[in-house]
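Subject: Structure handover

Hello,

Here is the structure we talked about. Please open it alongside this note; the findings follow below.

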Amino acid sequence: MSLRFVAKDPETDGANCPTVWVDDENQEIVLQGWKADEETRTACLGTGPIPDTEAVVRLPLRMAAAVREACDAADGTAVR
């Protein structure tokens, strides 16, 4: 698997923080975020089950630009 790093949360200490990558081989966006609390998980269950192979994570809104960049990179439209 080849993960291409996009960004870490700029407002954290650089370790153990939300991070965004692109998996070019599988054409997927990979996110590291904070585990959702039980209240958030329960709210998410209102739209359907969460399989054991999936998780709900939280990213700060300040990571939106990194997620957009990852989306562009994943579909090949990113310009650097």
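**What was found**

Q27 is exposed, at 63% relative accessible area; exposed means over 50%, buried under 20%, and partly exposed in between, with a 1.4 Å probe and protein chains only. Q27 sits in the loop between β2 and β3. Its phi is near 55°, a positive value in a residue other than glycine. Most residues other than glycine have a negative phi.

**Ground rules**

This is a predicted model: local features need pLDDT of at least 70, side-chain atom pairs count only at pLDDT 80 or more, and totals for chains, interfaces and linings use all residues. Residues are numbered from 1 along each chain as its sequence is written, and side-chain values use heavy atoms, with hydrogens and water left out.

**Overall layout**

The protein has two helices and five strands. Helices (H or I, at least four residues) and strands (E, at least two) are DSSP runs, numbered from the N terminus. The order from the N terminus is β-β-β-β-α-β-α. Along the principal axes, the C-alpha atoms fill a box of roughly 40 × 30 × 20 Å. Of the 80 residues, 22% count as buried. The accessible surface comes to about 5,900 Å², by the Shrake-Rupley method with a 1.4 Å probe; for residues, only the protein chains shown count as cover. Carbon and sulfur atoms hold 51% of that surface.

Contact here means heavy atoms within 4.5 Å. Take the contacts between residues at least 6 apart in sequence: 40% of them join residues at least 24 apart.

**Core**

The largest nonpolar core has eight residues: V6, A7, V20, V22, M63, A66, A70 and A73. Such a core is a set of buried Ala, Val, Leu, Ile, Met, Phe, Trp, Tyr and Cys residues joined through side-chain atoms within 4.5 Å. The largest share, three residues, comes from α2. In soluble globular proteins, nonpolar side chains tend to be buried together.

V22 is worth a click. Leaving aside neighbours within four places in sequence, V22 contacts S2, L3, R4, V6, E28, A70, A73 and A74.

**Salt bridges**

How many salt bridges does the structure hold? There are three. The criterion is a side-chain nitrogen of Lys or Arg within 4 Å of a carboxyl oxygen of Asp or Glu.

- R4 and D24 meet at 2.5 Å, N to O. R4 is in strand β1 and D24 in the loop between β2 and β3, 20 residues apart. R4 is partly exposed at 34% relative accessibility. D24 is partly exposed too, at 36%.
- D9 and R62 meet at 2.6 Å, N to O. D9 lies in the loop between β1 and β2 and R62 in the loop between β5 and α2, so this pair ties together parts 53 residues apart in sequence. D9 is buried at 3% relative accessibility, whereas R62 is partly exposed at 38%.
- R62 also pairs with E11, with the closest N and O atoms 3.7 Å apart. These two are 51 residues apart in the chain. E11 is exposed at 60% relative accessibility.

Shared partners join D9, E11 and R62 into one network.

**Cysteines**

There are zero disulfides, a disulfide being a pair of cysteine sulfur atoms within 2.5 Å. C44 is partly exposed at 28% relative accessibility. C71 is also partly exposed, at 36%.

**Surface**

I29, L31 and V57 form a nonpolar surface patch, with about 210 Å² of accessible area together. Patches are made of residues with over 30% relative accessible area and no salt bridge; like charges are joined within 9 Å, and nonpolar side chains (Val, Leu, Ile, Met, Phe, Trp, Tyr) within 5 Å. L31 is in strand β3 (residues 28–32). L31 is partly exposed, at 41% relative accessible area.

A55 lies in the loop between α1 (38–45) and β5 (57–58). A55 is exposed at 64% relative accessibility. A55 and K35 are 20 residues apart in sequence and 8.1 Å apart in space, C-alpha to C-alpha.

Best wishes
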